[in-house]
Amino acid sequence: MAWLRRLAIGTPIALVVAVYVLRLDRVVGLIVDDAWYALLGRAIARGDGYQLVNAPIAGVLPPNPPGFALLLSIVFRIAPNFPSDIPWLKMLSVAAMFVTGVEAYVYFRRRTAWPSELAGAAAVAIVLIPSFVFLATSTLMSECVFTAAQLGTILVLDRARTWRGHTAGAIGAAIVMLVRTAGVALPVGVVLYFAVTRQWRRAVVFAGVVLLALAPWLVYSRIHAPTMAQRIAHGGAHAFSYGQEFWMRWAGDEESGVAGLRDLPARVWTNAVEIGGRDVGGIVVPALYRGASESGQEVISIGGGSFPGSMGNTVPTMIVSLTLSAIVLIGFAALVRRQLTVAECVVPVSLCVILLWPQWTFRFVLPLAPFLLLYLVEGIIRLAGLTAARIVVLLMVGLSLVDHAQYLAIARSGEPDWLVDARDTDAVMDWLRAHPTNGVIATTNPALVYLRTGAKTIAITGARSRQSELAARGVRYLVYVRLGGVREPPDGAVVRFQSPRRGFWVATLTE
């Protein structure tokens, strides 16, 4: 019956809309990177150019490409008042997730012989993944837009039969790279696909169009690259290039030490364990990793190695994740034997890039979720049949809905961890606005402090970073608003304010 069909389609859509609307909050900047996106988007909208406008010295170019900030700048032109425009800024990521859901359904139907209800349920499962919902509704990160752009480009390339189609795919690949540099895996994977399938002419044309589209940014970023003196003066990850961060033991933390070639095998092994033993489980069954009060925070908490996070480090959860990873590999192999497509080249190349990067891998693996779920379901079908695959996908949807419902209940009757962090951060910003300074503020979150106070800021990676240098430069306020544990103020500093719950603090170096 028609009404039953409409009900079957309308109910999942209504549930997804309800989850995103109810979980939408006014929090931005706690991850730090999302504060930078907001700062850069507003700078472009105001005509200040693509630079770190918070810095006391002009002309410091950030390392990340301008794609996501350009999209945010459109919203800033319509709703220019920060932070009252935060819900509108987040609509970009929320819309991207709905686009991802539609793209995933279309992709599953094209790529497999799944019945429509299984493809639809799998698409809903992706959109309801708590980490995606968290990124869209509680941060201003680029992952949601990146995921939609990457999957959409692969859809275009899979259907391209003419030069015009491949040119459109090449432009899409360039856009993906302009949103996140990690998107380099997409054009590399596509060229690899063309090479494997002996489409040499298309490989050359595709690569040429991608390079032509990226040329303006590549040339601009080369010409305007900050000097080392500027990078050191500002400090923090956003003052250093990705090439410089690659050779740090922890990307963005100059105090972590310098890595060499002999360190790369250990890094690859550590990240391989992260991906197989933590990340896949964190995407499929995140409720095993934490309670509902931390729903979605696996994005910033799953990690092991020399810098362990708070989630995913127990033996049982690692066994679950490794088992799921094995099933994903079975499904991947089955699809490759059936037909090699662009995705089967892009996904391995993406994982190779992730394996080499010195940071927790979950946030980089997450945009591959549509493909990982495709391979997982295919693997389950191979091992246990279609009914088992339906049950697993419905369990994913059900567990996600329970997780979101529990989070919303806590948010209304209690205090989820994220909102406690946000409230204490707001308390610090309120104190700074009530006690302004004409000098520079050294802080763990330079972009957010600048956005909320207007004071010029530089970065400190820890409470004791470069204290003698900071004092010599006349820095008065040190502001610590970093998640994951609070360090003590440096010796000789006087604490002027401390937040009530997390202990975030404002201190001065001298009386």
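Student: Which residue of β5 is the bridge partner of V479?
Tutor: V506 is the bridge partner of V479. This is a predicted model, where local features need pLDDT of at least 70, side-chain atom pairs count only at pLDDT 80 or more, and totals for chains, interfaces and linings use all residues. Residues are numbered from 1 along each chain as its sequence is written; side-chain values use heavy atoms, with hydrogens and water left out.

Student: What makes β3 and β5 a pair?
Tutor: Two strands pair if DSSP finds at least two bridges between them. Strand β3 (residues 477-480) and strand β5 (residues 505-508) have four bridges, in the antiparallel sense. Therefore they count as paired. Strands are DSSP runs of E with at least two residues, helices are runs of H or I with at least four, and numbering starts at the N terminus.

Student: How many bridges does β5 form with β4?
Tutor: Four, again in the antiparallel sense. In β5, T508 is the bridge partner of V494. The hairpin of β4 and β5 has six residues between the strands, and G503 in it takes a positive phi near 80 degrees.

Student: What makes β2 and β4 edge strands?
Tutor: The open sheet has five strands in the order β2-β1-β3-β5-β4, with mixed pairing. β2 (457-459) and β4 (494-498) each pair on one side only. On average, neighbouring strands of this sheet are turned by 25 degrees against each other, direction ignored.

Student: Which way do the residues of β5 point?
Tutor: W505 and A507 point one way, V506 and T508 the other way. In a regular strand the side chains alternate between the two faces of the sheet. All four named residues of β5 are buried.

Student: Why is S131 called buried?
Tutor: Buried means under 20% relative accessible area, exposed over 50%, and partly exposed in between (1.4 Å probe, protein chains only). S131 has 0% relative accessibility, so it counts as buried. S131 touches G296, E298, V299, F362 and L366, not counting residues up to four places away in sequence. Contact means heavy atoms within 4.5 Å.

Student: Why is α6 described as largely enclosed by the rest of the structure?
Tutor: Nine of the nine residues of α6 are buried. Among them are P130, F132, F134 and S138. S131 lies in this helix too, which spans residues 130-138.

Student: Why is α6 oblique to α7?
Tutor: The axes of α6 and helix α7 (residues 143-159) come within 9 Å and cross at roughly 120 degrees. Angles under 35 degrees count as roughly parallel, over 145 as roughly antiparallel, 65 to 115 as roughly perpendicular, and the rest as oblique. That makes α6 oblique to α7. F132, L135 and A136 of α6 meet E143, C144 and T147 of α7.

Student: What makes α2 oblique to α3?
Tutor: Helix α2 (residues 33-45) and helix α3 (residues 67-78) have axes that come within 7 Å and cross at roughly 60 degrees. That angle makes α2 oblique to α3. The contact includes Y37, L40 and I44 of α2, and F68, L72 and F76 of α3. Its residues divide into ten nonpolar, two polar and two charged.

Student: Is the peptide bond from F82 to P83 cis or trans?
Tutor: That bond is cis, with omega near 10 degrees. P83 has its place in the loop between α3 and α4 (86-111).

Key: Axes fitted to C-alpha atoms, helices over the stretch in contact; angles between N-to-C directions. Nonpolar A, V, L, I, M, F, W, Y, C, P; charged D, E, K, R; others polar.
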